[in-house]
Structures are given as C-alpha cells and as structure tokens.
Amino acid sequence: MKTKHSEMRIDYTKKQIILSAGFAKKSRFPGTDEYNRLKAIREDFPEFAVSLRTINKPKSKETYKGLTYEYIENYIHSHENSEKMFAEYQNLKDIIACHNSHYPKVKKWFLNNYPEIKLEIDEAKTA
C-alpha cells in the first residue's frame, strides 16, 4: 500500500515538488484532497517547479517479454525429462509461493535449466 509520503515530495536542492503519476492525475480536479494538498505546498514553495516522478530503469537489464508461467510450463513439457523437471518446477513454485516476488526466482531456475531459451528469446527480439 502506498503512503501519502510516496505521492509527493520536495526536492530542496533542485527546487522541485515531485509528484507520483497517480497523485498528479487526482490533483487536476479542484476540491479533491490531492488538489488541496498540492495547492498548500505550492503556496509554501511558490518558486518551486512541479514535476512528475520518473523511475530510472537500468538499460543493461535483460528482459524476457513473453516468458510467462504458461510458456515455462509448456516449454518444460515439450522436452526430455519433462516429468522430473516439471516436478522440480512445481516444488520450487510451492516453496516460494509465500514470497512477494517469486517470479524472478522461477525465471532464474528456468533459465539455468534451459539456457538455450535465452538464445531463442534474443533471436526473436532481433527478428
């Protein structure tokens, strides 16, 4: 859950009031809580510019668009030792089910066990 602190912040060094996209969208409507909060901040800091928060994503990060659980399961079933590997896959999913971000662990396991998939995905990206 987002807190009100993550919706808007003040950057004193850059003289900016930085808004989250959701907060900015809600603050467009006069009378809303967001509008009134932004108006109060702007009165306190009239020389500060208002800007949207941006998220810096590393450019070198490898992405595997389309590598879904369904794709992983179908891929495992189409190879030798599919029963053994699928059981290992299911066991991994069961173990990490209580974690918030279990997909990265499953993806890492899958790419370690089927390294050729990296080549297939990279070829699809360039095609």
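1. Contact here means heavy atoms within 4.5 Å. In this predicted model, W109 is in contact with I76, M85, E88, Y89 and L92, leaving aside its neighbours within four places in sequence.

2. W109 also belongs to the largest nonpolar core, which has 16 residues. Those with the most contacts inside this core are I72, I76, Y89, W109 and F110. Helix 3 (69-77), helix 4 (82-95) and helix 5 (103-113) are the elements that each give two or more residues to it. A second, separate core has nine residues, including A24, L38, I41 and F48.

3. The count of aromatic pairs comes to ten. One of them is Y12 with F48, an edge-to-face pair with 6.3 Å centre to centre and 80 degrees between the planes. Y12 sits in the loop between strand 1 (8-11) and strand 2 (16-19), and F48 in the loop between helix 2 (33-44) and strand 3 (49-52), so the pair links parts of the chain 36 residues apart. Y12 is exposed, with a relative accessible area of 54%, whereas F48 is buried, at 6%.

4. Y69 and Y103 are edge-to-face because their planes lie at 85 degrees, where over 60 is required; the ring centres are 5.6 Å apart. Y69 is in helix 3 and Y103 in helix 5, so this pair ties together parts 34 residues apart in sequence. Both residues are partly exposed, with relative accessible areas of 23% for Y69 and 27% for Y103.

5. Y71, Y75, F110 and Y114 form one aromatic cluster. F110 is also among the residues with the most contacts inside the largest nonpolar core.

Note on methods: Residues are numbered from 1 along each chain as its sequence is written. This is a predicted model: local features need pLDDT of at least 70, side-chain atom pairs count only at pLDDT 80 or more; totals for chains, interfaces and linings use all residues. Side-chain values use heavy atoms; hydrogens and water are left out. A nonpolar core is a set of buried Ala, Val, Leu, Ile, Met, Phe, Trp, Tyr and Cys residues joined through side-chain atoms within 4.5 Å. Buried means under 20% relative accessible area, exposed over 50%, partly exposed in between (1.4 Å probe, protein chains only). Helices (H or I, at least four residues) and strands (E, at least two) are DSSP runs, numbered from the N terminus. Rings of Phe, Tyr and Trp (its six-membered ring) pair if their centres lie within 6.5 Å; planes under 30 degrees apart count as stacked, over 60 as edge-to-face and the rest as tilted.
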